[in-house]
Amino acid sequence: MIRLYVLVEGQSEEEFVESLLEPHLRERQIWVRRLVVETSRDALGRKRRGGGRFSQWLRDLKRLTGQHPGSDVRFTTMFDLYGLPADFPGLAQHESDRDTVRRASSLEEAMAKAVGDWRLVPYLQRHEFETLVLASLDVLAGLL
């Protein structure tokens with residue numbers, strides 16, 4: 001059985017992974033664990049989640065890959081291409097590329113290189129996830 005860890009940008013993506021992706025993959029013998037990137041902790045030590053800087057995403061990805069060794073483990077991400085943090089690797093040189101397929105692919109490669117673990121299959125959502133959900137609520141309701 002493959003174990004897949006999905007690091008997501010926020011609660012909307014987390015809900016998508018939990019409600020749709022996880023049951024679909026479970027039928028295919030893939031165990032899924034979703035995590036929202038941790039951006040900070042408050043004075044009581046409670047985690048603040050969602051958004052943040054790439055340095056925080058990288059910290060979480062490095063921690064995950066280090067804590068879960070093995071060839072049966074994979075890692076992926078679900079971050080929106082639009083509004084990536086300024087410290088995202090390769091963003092400056094690809095920012096003006098209007099071809100979102102090419103830009104997402106280049107930035108996914110830069111993320112993979114920054115993490116440095118062959119088990120990471122990075123994913124950048126070319127269109128803001130929440131926009132896709134709201135674009136057709138009747139179709140979404142039918143899926144759910």
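Modeller: First, a term: two strands pair if DSSP finds at least two bridges between them. Note too that this is a predicted model.

Biologist: How many bridges join β1 to β2?
Modeller: β1 covers residues 2–8, and β2 covers residues 30–36. The two run parallel. The number of bridges joining β1 to β2 is seven.

Biologist: Which residue in β5 is the bridge partner of Y5?
Modeller: β1 also pairs with β5, in the parallel sense. Six bridges make up that pairing. The partner of Y5 in β5 is F75.

Biologist: What is the handedness of the β-α-β unit made by β1, α1 and β2?
Modeller: Helix α1 spans residues 11–26. With the strands pointing away from the viewer, a clockwise path over the helix counts as right-handed. The unit of β1, α1 and β2 is right-handed.

Biologist: How many residues of β1 are buried?
Modeller: Buried means under 20% relative accessible area. β1 has seven residues and is mostly covered. The buried count is five.

Biologist: What span should helix α4 have?
Modeller: α4 holds 16 residues, 100–115. The expected span is 1.5 Å times one less than the number of residues.

Biologist: Which backbone nitrogen does a side-chain oxygen of D99 reach at the start of α4?
Modeller: The oxygen comes to within 3.0 Å of that nitrogen. The nitrogen belongs to V101.

Notes
Residues numbered from 1 in each chain as written. Predicted model: local features only at pLDDT ≥ 70, side-chain atom pairs only at ≥ 80, totals over all residues. Heavy atoms only, no water. Helix = DSSP H or I, 4+ residues; strand = E, 2+ residues; numbered from the N terminus. Polar contact = N/O pair within 3.5 Å; in protein donor to acceptor, adjacent residues only side chain to side chain. Buried < 20%, exposed > 50% of the residue type's maximum accessible area, 1.4 Å probe, protein only.
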